[in-house]
Amino acid sequence: MAAKKSFSKFFRSMSELKIGLVYYTDFEKVKSNINEGKLMVKLNQLNYLVGKKDMCKAVQEIWDENPNAFSIMGILLAVRKKKKKYAWNTDGQKKLVYDYFRSVDQIMDFLNESGLLEVLQDKHVTNLVDYVFGVEVGLDTHTRKNRIGTIMASNIAHQFDEAGIIYQQEVVSKSIPSIKKVLGKDSKRFDFVIKNAEKEYLIEVNYYGSNGSKVTEIPRSYMEVAKKINSVSGYEFVWITDGPGWEKAKEQLHEAYNEIPHIYNLTTLKDFIKQIATIPTGEPLSLFDLK
């Protein structure tokens, strides 16, 4: 194994991914969600409620015409049906948000208890399609972490490709019996797996663009994972991480850097690539035996 850089050099080489405005909102996904499952059709039907002073009568009129129009109403509170979110009603009962849409009376309870009644009656919202478009934009911010992870992985894959290194992506630990055994319930999905004539490298990738409590917890978690994987002959855990979010968790990262033999960032990854590129590869990863 090549000499490991000092932590201070490693930390000074931490970098920030270059992201454009497209990173912040996936408008194609937002548009797709709006058009999914006749959502737009039902929202246009519910537009009838906007500005109605006798809301119960308006709800009843839509119900008589198409009760299924209310089935998507949870999205008005930024709640998706598959999430199975609960609320405590005024009677002190715990109830699924999407269970409010089974009768006119329950729909009225939903409008009253959520605050939507006033919003609709006073026309704080004038078009529910536009309103939900905004809701979808807001919900999409939760997927930014996934997008930054994809950008990070793509950057790493590019470096591997440039070096002619064969790899496999998204490999679950349960597909490798010896690793599944040592990890137990701690199932992992490795971002990359590289096999050469010496061993198989199981690689985790992440990026932290901002500070957060989770950043301080990650190093110790990976120290445990590395210890277990490295105890299995022929396997090595590799952690590639980067981002300015580590500024507030420098001590924790330093501890992990001293304990885990293979930790790299986007700058020092070339050291790992040089090391494994000098060793003949094993079987192509699309064919290698994971037993």
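Visitor: What should I know before I start?
Guide: This is a predicted model: local features need pLDDT of at least 70, side-chain atom pairs count only at pLDDT 80 or more, and totals for chains, interfaces and linings use all residues. Residues are numbered from 1 along each chain as its sequence is written, and side-chain values use heavy atoms, with hydrogens and water left out.

Visitor: How many aromatic pairs are there?
Guide: The count is 19 aromatic pairs. Rings of Phe, Tyr and Trp (its six-membered ring) pair if their centres lie within 6.5 Å. Planes under 30 degrees apart are stacked, over 60 edge-to-face, and the rest tilted.

Visitor: What kind of pair do tyrosine 23 and tyrosine 24 make?
Guide: Edge-to-face, because their planes are at 70 degrees. Their centres are 4.9 Å apart.

Visitor: Is tyrosine 23 buried or exposed?
Guide: Tyrosine 23 is buried, with a relative accessible area of 14%. Buried means under 20% relative accessible area, exposed over 50%, partly exposed in between (1.4 Å probe, protein chains only). Tyrosine 24 is partly exposed, at 36%.

Visitor: And what about tryptophan 63 and phenylalanine 70?
Guide: Their planes are at 35 degrees, so that pair is tilted. The centres are 6.1 Å apart. Phenylalanine 70 is buried, at 0%.

Visitor: Which charged end sits over the ring of tyrosine 23?
Guide: That of arginine 147, 6.0 Å from the ring centre. The rule: NZ of Lys or CZ of Arg is within 6 Å of the ring centre and within 35 degrees of the ring normal.

Visitor: New topic. How many residues has the largest nonpolar core?
Guide: It has 35 residues. Those with the most contacts inside it include Leu46, Phe70 and Leu111. A nonpolar core is a set of buried Ala, Val, Leu, Ile, Met, Phe, Trp, Tyr and Cys residues joined through side-chain atoms within 4.5 Å.

Visitor: What does leucine 46 touch?
Guide: Ile62, Ala69, Phe70, Ile72, Met73 and Leu128, not counting residues up to four places away in sequence. Contact means heavy atoms within 4.5 Å.

Visitor: Last one. What is the phi of lysine 84?
Guide: Positive, about 50 degrees, although lysine 84 is not a glycine. Most residues other than glycine have a negative phi. Lysine 84 is exposed, at 58% relative accessibility.

Visitor: Which lysine has a phi near 60 degrees?
Guide: Lysine 123, and that value is positive too. Lysine 123 is exposed, with a relative accessible area of 52%.
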